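Student: Let us go through the labels used for this model. I will ask what stands behind each one.

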Amino acid sequence: MRRQLLSVEEYVAGIRGGDRVVLGKAITLIESSREEHHVLAEQVLTQLSADVPDNSRSTIRIAITGAPGAGKSTLIEALGMWLVEQGKKVAVLAIDPTSAVTQGSILGDKTRMEKLSVADRAFIRPSPAGNTLGGVAQKTRETILVTEAAGFEVVLVETVGVGQSETEARRMCDLFILVLLPGAGDELQGIKRGIVEMADILVVNKADGDRIQPAAMAKAHYRNAIHLLPPHPGGWTPLVLTASASEQTGIDTIWKTVAEYQKITTQSGYWEQNRREQSRFWLHETLSAGLRKMFYEHPLINAEIQSLEPEVLAGRISPFSAARRILEQFKSTFLKK
């Protein structure tokens, strides 16, 4: 039995009214692969976008990443609960890795954030990463927009994990928090330099018990390391903090640092500039996705691919030659004068 879709007006009214059920349905609609759902989702987003300049001005979008076992989910729940207690409305967009073999995702973040998942002022939405790189899901930007339209002031995007492809998450958020483990080897723990360069705040988590001293040492190592990185364009100097999500220590300091980051980058003009760049990147990413879809779904292009692919597999034509012929077909089809 197919689910009944709401009208554009019902989606918009429900989202603006903070109806969690409608919000969840809207995100499901946005994430759908069905063409008719894409059309409806675009209409909903278009109506909501009229409110974005006002709704999103006071919101904060935070990307949070870290190596497996660093305690990202626990830290997010601790931070989320602290914010809820301060009267904030918090949305958590948790991206789960998708299996390259089965194409399945666990989507277990609600079970890992038991307290936050039942908090009245919090909303948790796990989404599969699918084939999207960058530590995020294909429709994370759109999901950020609808949660902000629903009145959530802080949006926490938990990425898949640490890697050089996490740049996508950086391009859709206001700041980037890297969660680290104490005493996990050398001072950089094998983390790529690129991920450290993107971090605005580094948090050495699990700084409790017999790990307090290793956490202090890791903090010192990272403080030394970030001095070698290029200066932040917003006039901000990345800070290294220690925290224990399980013992609820250092959580308030993380938020004070986020507020200080917002203050400094707003004064320098970087905050608004970064928001504009997010919109620019969203535009070009949407264009790229649309062109790719148009390309592969065009019957002439598809026929050319189906014709040449067996030739490539049989070794009778090189992949480069086949690609050139397909692109020539594309040019003659789409670029007629």
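Student: Which helix gives the most to the lining of the second largest pocket?

Tutor: H10 does, with three residues. Note that the model is predicted: local features need pLDDT of at least 70, side-chain atom pairs count only at pLDDT 80 or more, and totals for chains, interfaces and linings use all residues. Residues are numbered from 1 along each chain as its sequence is written, and side-chain values use heavy atoms, without hydrogens and water.

Student: What makes a run of residues a helix or a strand?

Tutor: Both are DSSP runs, numbered from the N terminus: H or I over at least four residues for helices, E over at least two for strands. H10 covers 193-198.

Student: What makes a space a pocket?

Tutor: On a 1 Å grid over the protein atoms alone, a pocket is an open set of points with protein on both sides within 12 Å along at least five of seven lines. Lining residues have an atom within 4 Å of a point. The second largest pocket has a volume of about 390 Å³. Of its 20 lining residues, those closest to the centre are Glu197, Met198, Pro230, His232 and Pro233.

Student: Why is H13 called roughly perpendicular to H14?

Tutor: Their angle is about 65°, with axes 5 Å apart. Axes are lines fitted to C-alpha atoms, for helices over the stretch in contact, and angles run from 0 to 180 degrees between N-to-C directions. Roughly perpendicular means 65 to 115 degrees, under 35 is roughly parallel, over 145 roughly antiparallel, and the rest oblique. Therefore H13 is roughly perpendicular to H14.

Student: Which residues of H13 and H14 meet?

Tutor: Phe295, Tyr296 and Glu297 in H13 meet Pro299, Ile301, Asn302 and Ile305 in H14. Contact means heavy atoms within 4.5 Å.

Student: What makes H8 oblique to H13?

Tutor: H8 and H13 pack at about 130°, with axes 11 Å apart. That angle makes H8 oblique to H13.

Student: Why is the pair of Phe123 and Phe152 called tilted?

Tutor: Rings of Phe, Tyr and Trp (its six-membered ring) pair if their centres lie within 6.5 Å; planes under 30 degrees apart are stacked, over 60 edge-to-face, the rest tilted. Here the centres are 5.9 Å apart and the planes at 40°, so the pair is tilted.

Key: On a 1 Å grid over the protein atoms alone, a cavity is a set of points where a 1.4 Å probe fits but cannot get out, and a pocket is an open set with protein on both sides within 12 Å along at least five of seven lines; lining residues have an atom within 4 Å of a point. Grid points are joined across faces, edges and corners, and a volume is the space filled by probe spheres set on the points.
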